[in-house]
Amino acid sequence: MSGAALILDRRRRDAIRPLLPARPAAEWHAALTAEITAGLGAAHAAVLAAPVEEGEEIAWCAAGTRSKAFAELPLADRRALTEALGAILSDIRRLGESGAAPNVAAAWPALREVPDLEAVFAVDGRPVLAAWAHVPARAERPPGLL
């Protein structure tokens with residue numbers, strides 16, 4: 001990853017509900033990105049935006065120089081981003097299944113959940129998820145968007 005930290009998204013804590021237990025999102029991020037980097041490389045780990053707790057909000061940040069929300073992308077770019085995201089998430093799932101990444105295994109399938117498509121971004125052309133492993137606060141179950 002290169003570039004400054006871009007704030008992709010901000011979510012009020014009371015608007016989202018975490019799917020991963022026992023640790024704050026920042027601790028999950030550190031554990032997950034360490035295992036993903038070791039097993040697949042930094043480019044795969046960069047799919048998870050870094051959560052930064054700011055009072056009643058969580059900001060989701062990624063290194064890069066420019067970002068676009070999924071809805072802002074032309075249809076062809078949305079398709080390409082979705083395909084790249086699918087391939088990365090599939091690699092991460094297999095890493096968790098391999099036994100080499102216990103945190104990834106513990107976080108899957110919640111890791112691939114986002115509250116809405118507003119949490120999907122292209123950062124310097126690569127897919128990045130904000131609010132990963134979270135659902136809308138009132139959701140009875142994950143929406144299964146990804």
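**Close-up views of a predicted model**

View 1. T33 is buried, its relative accessible area being 14%, which places the residue under the 20% cut-off. T33 belongs to helix α1, which spans residues 25–40. A polar atom of the T33 side chain lies 3.4 Å from the backbone oxygen of A30. Leaving aside residues up to four places away in sequence, T33 touches A45 and L48.

View 2. L129 counts as buried, with 0% relative accessibility. Residues up to four places away in sequence not counted, L129 touches V47, L48, A49, L85, L89, V114, A119, V120 and L146. G39 is 90 residues from L129 along the chain, and the C-alpha atoms of the two are separated by 19 Å.

**View 3. The open sheet β5-β6-β7.** The sheet has 3 strands, in the order β5-β6-β7, with antiparallel pairing. β5 (67–69) and β7 stand at the edges; each has a single partner strand, so one side of each is left without a neighbour in the sheet. On average, neighbouring strands of this sheet are turned by 35 degrees against each other, direction ignored.

**View 4. Pairing of β6 with β7, and helix α3.** β6 (residues 120–123) pairs with β7 in the antiparallel sense over 4 bridges. Within this pair, F121 stands opposite V128 of β7. Helix α3 (residues 75–97) lies across β6 and β7 and runs at about 65 degrees to β7.

Technical notes. Residues numbered from 1 in each chain as written. Predicted model: local features only at pLDDT ≥ 70, side-chain atom pairs only at ≥ 80, totals over all residues. Heavy atoms only, no water. Helix = DSSP H or I, 4+ residues; strand = E, 2+ residues; numbered from the N terminus. Buried < 20%, exposed > 50% of the residue type's maximum accessible area, 1.4 Å probe, protein only. Polar contact = N/O pair within 3.5 Å; in protein donor to acceptor, adjacent residues only side chain to side chain. Contact = heavy atoms within 4.5 Å. Pairing = 2+ DSSP bridges. Axes fitted to C-alpha atoms, helices over the stretch in contact; angles between N-to-C directions.
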